[in-house]
Amino acid sequence: EDMEKQKKHCKMIRGMMASTVKDMFPPKGTSVASIQTFITHCLYPRCRLSPEDATYCVHFVMTLHTMKTPGFSTMHFIDEFVKILSGSLFSSTEDEAAAFGILLLELWKVVSKWRYDEKAFKDEVEGTPGSVFVKEDGPVPISFEEYKSLYSTWHATIGQATIGCLDSTEYMHVRSCFVILSRIVDAFPTQPKLGQKLLNALEPLQDETYPLPDIMTAAQAYGTLLIKARTNGVWKEEDAATIKAREEKEMA
């Protein structure tokens with residue numbers, strides 16, 4: 001009975017959104033400023049509150065995308081959110097990091113799908129308002145090849161921030177970073193170069209002589225999860241020769 005009530009409520013809310021979605025963002029073209037305002041005043045304050053709020057936020061964003069909301073660029077949303085999140089890693093509490101991790105996991109599953117499944121990109125992104133990205137010559141829909149380049153930039157930005165936290169001497173930087181990394185390990189990283197850098201950054205933290213036992217335990221646990229994710233194919237850009245060489249080395 002409760003499920004039916006929730007379904008009816010959800011249907012009603014989606015109906016309300018469908019009738020008002022055209023007025024949510026500036027109707028003329030894509031505005032980076034409007035995306036920044038949306039994140040700063042609507043999404044960012046709420047997604048930090050709890051895991052449930054973080055989940056709600058990412059589903060709300062994807063609903064805006066699937067409804068093809070005029071003026072809402074999903075590409076710019078991802079671009080701006082990655083920048084904000086990367087900076088927030090150095091100032092978030094453990095609870096905030098947990099919420100960020102849940103949001104980033106759900107978001108990155110979609111972002112990664114569009115990167116490694118060209119058909120999904122063409123079906124779900126290409127030609128939609130969400131595909132528009134503002135360049136020097138104005139807002140234009142991006143191609144799959146251009147999206148791949150954007151993906152690599154976002155991937156590197158998150159990687160640089162997380163490695164910066166792991167290398168930090170501030171306890172909370174490292175602690176919060178492990179909270180996020182452990183939550184997103186089944187979707188991030190996908191590029192082997194960054195994955196190996198993360199493994200290298202873990203080494204001094206995993207050493208038995210490391211002075212903080214909880215950080216050492218977290219580093220060991222995340223290292224295990226990261227290697228498992230690599231084995232399970234999360235590192236999607238690893239070539240067959242690299243995989244074979246690593247397996248032979250591990251068996252030696």
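**Close-up views of the predicted model**

**View A. H155 touches W108, F188, P189, T190, Q191 and L194, with residues up to four places away in sequence left out.** Touching here means a contact, that is, heavy atoms within 4.5 Å. The model is predicted: local features are given at pLDDT of at least 70 and side-chain atom pairs at pLDDT 80 or more, while totals for chains, interfaces and linings use all residues. Residues are numbered from 1 along each chain as its sequence is written, and side-chain values use heavy atoms, without hydrogens and water. H155 sits in helix α7, residues 144-166 (helices are DSSP runs of H or I with at least four residues, numbered from the N terminus). The relative accessibility of H155 is 1%, so this residue counts as buried (under 20% relative accessible area with a 1.4 Å probe, protein chains only; exposed is over 50%, partly exposed in between).

**View B. A cis peptide bond joins F188 and P189.** Omega for this bond is about 0°. P189 lies in the loop between α8 (171-184) and α9. Both residues of the bond, F188 and P189, are among those that H155 touches.

**View C. The largest pocket has a volume of about 220 Å³.** A pocket is an open set of points on a 1 Å grid over the protein atoms alone where a 1.4 Å probe fits, with protein on both sides within 12 Å along at least five of seven lines; lining residues have an atom within 4 Å of a point. The volume is the space filled by probe spheres set on the points. Which elements give two or more residues to the lining of the largest pocket? They are α1 (2-20) and α3 (51-66). Helix α1 provides the largest share, six residues. Around this pocket, the view shows Q6, H9, C10, I13, R14, M17, T55, Y56, H59, F60 and T63. By class, the lining has five nonpolar residues, five polar residues and one charged residue (Ala, Val, Leu, Ile, Met, Phe, Trp, Tyr, Cys and Pro are nonpolar, Asp, Glu, Lys and Arg charged, the others polar).

**View D. The second largest pocket holds about 160 Å³ of space.** Ten residues line this pocket, and those closest to its centre are Q196, L199, E203, I227 and R230. The elements that each give two or more residues to this lining are α9 (192-206) and α10 (213-231). Helix α9 gives the most, with six residues. The lining is made up of three nonpolar, four polar and three charged residues. R230, one of the residues closest to the pocket centre, lies over the face of W235, at 5.5 Å from the ring centre (CZ of Arg or NZ of Lys within 6 Å of the centre and within 35 degrees of the ring normal).

**View E. The ring of F38 pairs with the rings of F72 and F77.** The structure holds 17 aromatic pairs (ring centres of Phe, Tyr or the six-membered ring of Trp within 6.5 Å; planes under 30 degrees apart are stacked, over 60 edge-to-face, the rest tilted). How far apart are the ring centres of F38 and F72? They are 6.0 Å apart with planes at 85°, so the pair is edge-to-face. This pair links distant parts of the chain, 34 residues apart: F38 in helix α2 (residues 32-47) and F72 in the loop between α3 and α4 (74-88). Both F38 and F72 are buried. For F38 and F77, the ring centres are 6.3 Å apart and the planes are at 55°, so the pair is tilted. F77 belongs to helix α4, 39 residues from F38 in helix α2. The relative accessible area of F38 is 10%, and F77 counts as buried at 2%.

**View F. F25, F38, Y56, F60, F72, F77 and F81 form one aromatic cluster.** Two members of the cluster, Y56 and F60, also line the largest pocket. R46 lies over the face of Y56, at 4.2 Å from the ring centre.

**View G. V58 touches L103, E106 and L107, not counting residues up to four places away in sequence.** V58 is placed in helix α3. Is V58 buried or exposed? At 4% relative accessibility, V58 counts as buried. From V58 to S88 there are 30 residues in sequence and 17 Å in space, C-alpha to C-alpha.

**View H. K68 has a positive phi of about 55° although this residue is not a glycine.** K68 lies in the loop between α3 and α4. F72 is in that loop too.
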